[in-house]
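Me: I want to know what stands behind the labels used for this model. Take me through them one at a time.

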Amino acid sequence: MNHSSAVFISDLHLHAATPKTLAAFESFCLHQAPHFPALYVLGDLFEAYIGDDDLLHPINRRIVQALRKLSNSGTIVYFMQGNRDFLVGEGFARASAAILLPDPVVHAIAGFKLLISHGDAWCIEDVEYQQFRAQSRSAAWRASFLSQALPQRREIAHSMRMQSEEAKKQKSVEIMDVHVPTVLQAANAAGVSMVLHGHTHRSAMHQHQRMGDSQAAVGSSASFLSRIVLSDWDFESSQPRGNALSIDATGPRFINVT
Ligand SMILES: [Mn+2]
């Protein structure tokens with residue numbers, strides 16, 4: 001896919017206890033995103049998502065409505081699943097008029113070829129998490145989870161989140177970050193010099209030296225990989241946090257969410 005410009009967000013973690021962040025998202029969809037031909041939501045838009053049959057939940061309705069309105073205004077909306085909302089499916093896509101993306105995927109924006117991912121699949125040093133990830137993405141786990149009633153699913157999702165928070169306290173920041181050599185390998189395989197992801201909540205623009213890249217002259221821009229990490233959003237705290245990334249002909253740039 002090619003777009004002349006685009007804007008990217010991820011990790012809003014919206015739920016009932018984040019009314020200000022939800023309002024910021026609605027405002028972003030109404031006032032900022034319409035300036036772009038495409039919006040990419042790179043996962044964990046939801047703090048928890050228990051199935052497309054839960055779209056009548058008041059929070060989900062507002063999220064779907066904001067995306068549909070944006071889509072109706074002419075901005076193409078792409079959605080990639082995160083680790084919190086990997087059960088987002090065709091039902092959500094239809095309701096919100098969003099296009100579901102596989103993870104990872106390569107798109108070209110303003111001539112920049114980008115590898116786009118939520119980012120959790122690259123956190124390979126967190127072995128325990130990767131085991132859970134593989135299990136929860138299996139058809140059997142999915143079928144068994146979705147066969148339960150919504151209140152039960154809500155409870156399971158809640159206890160899974162609590163367990164994950166507990167487990168995170170025992171893990172180092174490095175283990176929970178992406179494994180840079182793995183990202184470099186993925187970028188080389190995809191033939192891109194720019195990667196964009198969220199998930200780690202450690203927003204930055206990194207430049208990584210590309211080892212063993214014989215075609216690129218040392219010191220030339222082609223011998224570096226740009227790895228851009230989106231912020232999570234939290235507008236409930238006294239120091240609100242959240243950003244978006246825009247890419248146009250002048251390059252990538254973080255923009256404040258207002
Ligand atoms: Mn995530």
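Me: What makes residues of helix α4 count as buried, and which ones are they?
Reply: Buried means under 20% relative accessible area, exposed over 50%, and partly exposed in between, with a 1.4 Å probe and protein chains only. In α4 (residues 127-136), the buried residues are Y129, Q130, R133 and S136. They span an arc of only 135 degrees around the axis, so they sit on the same side of α4. That arc is taken from the directions from the helix axis to the C-beta atoms. On the other side of α4, V127, Q131 and A134 are exposed. The cover over the buried residues includes α5 (139-146).

Me: How do you know where a helix or strand begins, and what is the model's origin?
Reply: Helices (H or I, at least four residues) and strands (E, at least two) are DSSP runs, numbered from the N terminus. The model is predicted: local features need pLDDT of at least 70, side-chain atom pairs count only at pLDDT 80 or more, and totals for chains, interfaces and linings use all residues. Residues are numbered from 1 along each chain as its sequence is written, and side-chain values use heavy atoms, with hydrogens and water left out.

Me: Why are D44, N83, H118 and H199 called donors of the manganese ion?
Reply: Donors are N, O and S atoms within 2.8 Å of the metal (3.2 Å for Na, K and Ca); water is not among the atoms, so sites may look incomplete. D44 (OD), N83 (OD1), H118 (NE2) and H199 (ND1) coordinate the manganese ion at 2.1 to 2.2 Å, so they qualify. Their sequence spacing is D-x38-N-x34-H-x80-H. D44 lies in the loop between β3 (38-41) and α2 (58-72), and H199 in the loop between β8 (194-197) and β9 (204-209), so this pair ties together parts 155 residues apart in sequence.

Me: Are D44 and H199 buried or exposed?
Reply: D44 has a relative accessible area of 1%, so it is buried. H199 is at 16%, so it is buried too.

Me: What makes the D232 pairings polar contacts?
Reply: A polar contact is a pair of N or O atoms within 3.5 Å; within protein, one must be able to donate a hydrogen and the other to accept it, and residues adjacent in sequence count only if both atoms are side-chain atoms. The D232 side chain pairs with the side chain of H201 at 3.5 Å. With the side chain of R241, the value is 2.8 Å. D232 is in the loop between β10 (224-229) and β11 (243-248). At 7% relative accessibility, D232 is buried.

Methods:
Contact means heavy atoms within 4.5 Å.
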